[in-house]
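Let's take a friendly walk through a protein model. Have the sequence and the 3D view ready.

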Amino acid sequence: MRLLLKWILSAIALLCVAYMYSGVQVQSFGAAMGAAFVIGLFNVVLRPVLVILTLPVTIVTLGLFLFVINALMFWAASGVLGDGFHVRGFGAALLGSLMYSVLGIVIESALGGLFAKK
């Protein structure tokens, strides 16, 4: 139940990012659901590999390179999905992924309180 709710809220967060920032475009709620799924899948499968491969650069930049990795995951999802979800470029992906990450933190915080083990 928690996973399904997080997926729906992540899609809503993606729609909010598209509403607030013109560099990210989402055509419909279905496209947002697909994009949230692909972004989540990339973050689970590809992101750990990229973090390990770029660890020296991440250490030198004091962790700031992780923002670049997040932007690449966001941009890659746009490339995979095509028409329903579009990011205009790397700069738009960087800003969009930052906004999406902040909303994701809010979602995790809310779900943590909602599904707290008693």
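In which helix is the place of Leu-46? Leu-46 sits in helix H2.

## About the model

This is a predicted model, where local features need pLDDT of at least 70, side-chain atom pairs count only at pLDDT 80 or more, and totals for chains, interfaces and linings use all residues. Residues are numbered from 1 along each chain as its sequence is written, and side-chain values use heavy atoms, leaving out hydrogens and water. Helices are DSSP runs (H or I, at least four residues), numbered from the N terminus.

## A nonpolar patch

Leu-46 belongs to a nonpolar patch on the surface, together with Leu-4, Trp-7, Phe-37, Leu-41, Val-44 and Val-45. Their accessible area together is about 650 Å² (Shrake-Rupley method, 1.4 Å probe, with only the protein chains shown as cover for residues). Patch residues have over 30% relative accessible area and no salt bridge, and nonpolar side chains are joined within 5 Å. H2 (29-53) and H1 each supply at least two residues, with the largest share, 5 residues, coming from H2.

## A salt bridge between helices

Side chains of opposite charge can pair when their charged atoms come close. Here, Glu-108 forms a salt bridge with Arg-2, and the closest N and O atoms are 3.0 Å apart. The rule asks for a side-chain nitrogen of Lys or Arg within 4 Å of a carboxyl oxygen of Asp or Glu. This pair links distant parts of the chain, 106 residues apart: Glu-108 is in helix H5 and Arg-2 in helix H1.

Key. Patch = residues over 30% accessible without salt bridge, like charges linked within 9 Å, V, L, I, M, F, W, Y side chains within 5 Å.
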